[in-house]
Amino acid sequence: MPTAPAGTLYRGREGMWSWVAHRVTGVLIFFFLLVHVLDTALVRVSPEAYNAVIGTYQTPIMGLGEAGLVAAIVFHAFNGLRIALVDFWSKGPRYHKAMLWIVLGLFVVTMAGFLPRHLGNVFGGGH
C-alpha cells in the first residue's frame, strides 16, 4: 500500500475527510442562507405567496431538512474551531486527529440534545 508523502495530513485519512465535510457543510449552509433570504424577501413582493411558501415548510420532510441543516451548522462550527487550532496553534497539526474525535464527540452530544425534541415537534409530539 503506497504511503502519503511526508508532511501531509490528507491523502484519504481523517484530515481529508474532515476537509471534505467542512466544504460540503459550508456549501449547504450557503445555499440555505440564499433560499432563506429569497423566501424572506418574498413577503415584500406578495404576502400570499410568502404564506404559501412558508406553509410548504411545515411538513415532516422539511422538518428532517431542518435537522440536517442544524447538523451541518453544528459540524461546521466545531470543525471550524478545530481548523483554526490546527492552523494557528503550534501543536495543532500534532493533535489534529484527537481534535477531530473531540469534534465528533461534541457533534454527537449536541445532536443528541437537539434531535429528540425537534423530531418530536416535527412528527406531532410537541406544540
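Q: Contact means heavy atoms within 4.5 Å. Which helices are included in what covers the buried residues of α1?
A: This is a predicted model: local features need pLDDT of at least 70, side-chain atom pairs count only at pLDDT 80 or more, and totals for chains, interfaces and linings use all residues. Residues are numbered from 1 along each chain as its sequence is written, and side-chain values use heavy atoms, without hydrogens or water. In α1, G15, S18, H22, T25, I29 and D39 are buried (under 20% relative accessible area, with exposed over 50% and partly exposed in between; 1.4 Å probe, protein chains only). Their cover includes α2, α3 and α4.

Q: How far apart are the end C-alpha atoms of α3, residues 60-88?
A: Helix α3 has 29 residues. At 1.5 Å a residue it should span 42 Å, and the model agrees, so the distance is 42 Å.

Q: Which helices do the buried residues of α3 pack against?
A: The buried set in α3 includes G63, A67, F75, N79 and R82. These buried residues pack against α1 (14-45) and α4 (96-122).

Q: At what angle do α1 and α2 pack?
A: D39, T40, L42, V43 and V45 of α1 meet P47, A49, Y50 and V53 of α2. The axes are lines fitted to C-alpha atoms over the stretch in contact, and angles run from 0 to 180 degrees between N-to-C directions. The axes are 6 Å apart, and the angle is about 150 degrees.

Q: Is the ring pair of W89 and Y95 stacked or edge-to-face?
A: Rings of Phe, Tyr and Trp (its six-membered ring) pair if their centres lie within 6.5 Å; planes under 30 degrees apart are stacked, over 60 edge-to-face, the rest tilted. F30 and F31 are edge-to-face, at 5.4 Å and 70 degrees. For W89 and Y95 the centres are 5.7 Å apart and the planes at 20 degrees, so the pair is stacked.

Q: What is the helix content of residues 67-86?
A: An unreviewed UniProt entry annotates "transmembrane region" over 20-38, 67-86 and 98-115; such annotations may be inferred rather than shown by experiment. The end C-alpha atoms of residues 67-86 lie 28 Å apart. Strand is 0% there, and helix is 100%.

Methods:
Helix = DSSP H or I, 4+ residues; strand = E, 2+ residues; numbered from the N terminus. Expected span 1.5 Å × (residues − 1).
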